[in-house]
Amino acid sequence: MIQTIEMYQNWRKCYSFEGANSIETITNILQSLSQDRITLAFVAEFSRGKTELINALFFAETGVRLLPSSPGRTTMCPAELFFDKEGGNYIRLLEIETRLEEIPFFELKKDIQRWKQIDLDRTNPKQMQSAFQELVAVKRVSREKAIELGLFDEKEAAEQGIINPETVEIPCWRHALISFPHPLLQAGLGILDTPGLNALGSEPELTLSMLPSVQAVVFVIAADTGVTKSDLSMWNLHVCRVTNSNKNGLAVAMNKIDSMWDELSDESSYEQSIRTQVEASAMTLGISENFIFPVSAKQALIAKIKADDELLSRSKINALEKYLSEDIINHRQNILMDVVLRNVGFLIKESFTLTEINFENDSKQLHEFKKLNFENQDLINEMTQTAQHQQNAYFSNMELFKATSNEFRKKFTSLIESLSPSRFDKIIKINRIEISSSITTYAMKQGIKRLFDDLQSLLQECVSISNDMQKFIVRIHTEFDTEYGFKEIKPQLFVISIYQAELEGIFNLGEQFRISTNTALTEKSIVVQKLYNTLIFQARNTLFKARRDAMVWGNNVLSPIKNQILDHKKQIENRLVILLSAGESENKLNENIARLEGELEYLSKQRNELGEVIATMQRVNGITACQLGL
């Protein structure tokens, strides 16, 4: 896709179609594509074999169990796995004590100095395995410190028979960033390995920011227990919120089917036991059985390391791999295609239409002038007068366009001002003071509600202005198409509904945050910190993206009309030059006809090369002419 868009970008440069706004549009989409990463989040309660599944899917070729995985509670901190081309191979670890700081997590990720780094030796699997053990490092701290860090729940501890302990075991690390040169990670795959339900609840950046941004979720349950109460809590609280209604990008791995292997039973009984558990799990989770993949991660890892094809087949991991590599990646490709078509597709259609108009008009003029008889001066005079009338009409069109542009600019300024970060920040500042000064939990929750109500009002104002601008743009295009004979190019509209849905999703998360028990039980300053460091940052970032895209759109949307007006001017001027030369001598007429033939040859080359770009898009990227509006 990048190569195809670069072909088109070079075409625009070659034929002087570039403008500051179109350059920005193409540069942004190329940057977005080059940085795109498909992120799989693995979500599960403790002891479901989630980490072993990651080992089996991605790291079996190392010949060792790379990520720490053993019975009981293993992965104690969330981990992101990816490939950092510039940084090399490493594990970076963030101290658990940073939870007490007001610095947002996304800022901490940028500050490499805050992370402990362990370099990985790819040629030494044992060294890497030893380094990965640091992910499960723990330490003991006082109960008060654990409570302050949000890592000790007295009620849950009491249920386990632990009452008022002097010290509590906590993870050493808050988060891990792992750069590893696996081919899939090098190709743009990212993996988010999350901890259990309690850790998810105490780390809002995971639940409110990182999980919602992933492209696919693999939810791991155990075949020997089925869907437990804690599994269902995690499913309802976290998984369902980040997958859409038709569950695109979701897989449920029913792990540990090897626990159902029974040498005293035949194969059909074993398969029936699996089917029964799949049916029961699907019913409990409220999803199709097609989304549930029975698997033995442990046996799959062993089979891959030992190259045992029979054991690999029995582990059933191939079905899950096929689903992840085909369905989920295809779904992501479709999303990317929509983004490309929305941004670059409009420019391609505009280029195609304007090139066709130029070629058609020049061909018509050339044909007309070749038939012109120098001796027939009356006809030449009549054609000259007609061209001069057309020139006057052009000046009228230009005045109308200027008036239209001025009116558009006023509306456009209103839209940009409504999306201004300063307006957003003012609402945030006022409400933060009110929330922070509230005395009771009820008052604090009401303050949070007012905050999101104010942000909702701001969003509705933006939507209203955007809808008014859409109607205005459609009317202007229609007017120039029907009344002034311009070639119709369906106007590109600023689709604010994309950002509206994103913001409303954040507002819904905000409401869940506001009414949650955790919020009521957490110290007020921490609540405010969590709210502003996650949800508010996300909302501001969405508004920033909307404003940025609105500015690119507003600077481009009238260009089809402007370009047609300028082309119309060129056609009239050409026509007048040739007709005036025809009144002087036959030689001058022939010279201008030859010049026009040269321009037409250049246009033909331009037209053919654009056709090649479009044909490549259709052949390589699967984009149809209909999708491009051609």
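**Sheet, core and helix pair**

Guide: Start with the sheet. An open sheet of nine strands runs in the order S4-S3-S7-S2-S8-S1-S9-S10-S11, with mixed pairing. Its edge strands, each pairing on one side only, are S4 (115–119) and S11 (292–294). Averaged over neighbouring strands, the turn is 20°, direction ignored. This is a predicted model: local features need pLDDT of at least 70, side-chain atom pairs count only at pLDDT 80 or more, and totals for chains, interfaces and linings use all residues. Residues are numbered from 1 along each chain as its sequence is written, and side-chain values use heavy atoms, with hydrogens and water left out.

Visitor: What counts as strands that pair?

Guide: Strands of a sheet pair through backbone hydrogen bonds, either parallel or antiparallel. Here, two strands pair if DSSP finds at least two bridges between them. Strands (E, at least two residues) and helices (H or I, at least four) are DSSP runs, numbered from the N terminus. Take S1 (residues 38–43) and S9: they pair in the parallel sense over four bridges. Val43 has Phe219 in S9 as its bridge partner.

Visitor: Which residues have the most contacts inside the largest nonpolar core?

Guide: In soluble globular proteins, nonpolar side chains tend to be buried together. A nonpolar core is a set of buried Ala, Val, Leu, Ile, Met, Phe, Trp, Tyr and Cys residues joined through side-chain atoms within 4.5 Å. Buried means under 20% relative accessible area, with a 1.4 Å probe and protein chains only. The largest core has 85 residues, and Phe42, Leu53, Phe58, Phe59 and Phe219 have the most contacts inside it. Strand S9 (residues 216–222) gives the most to this core, six residues. A second, separate core has 59 residues, including Phe412 and Leu543.

Visitor: How do the axes of H3 and H13 cross?

Guide: Axes are lines fitted to C-alpha atoms, for helices over the stretch in contact (heavy atoms within 4.5 Å); angles run from 0 to 180 degrees between N-to-C directions. The axes of H3 (residues 50–58) and H13 (residues 297–306) come within 8 Å and cross at roughly 30°. Angles under 35 degrees count as roughly parallel, so H3 and H13 are roughly parallel to each other. On the H3 side, the contact residues include Leu53 and Leu57; on the H13 side, they include Ala300 and Leu301.

Visitor: How many residues of H3 are buried?

Guide: Nine of its nine, so H3 is mostly covered. In H13, the buried residues include Ala297, Ala300 and Leu301. H3 and strand S10 (250–255) are among what covers the buried residues of H13.

Terms used
Buried means under 20% relative accessible area, exposed over 50%, partly exposed in between (1.4 Å probe, protein chains only). Angles under 35 degrees count as roughly parallel, over 145 as roughly antiparallel, 65 to 115 as roughly perpendicular and the rest as oblique.
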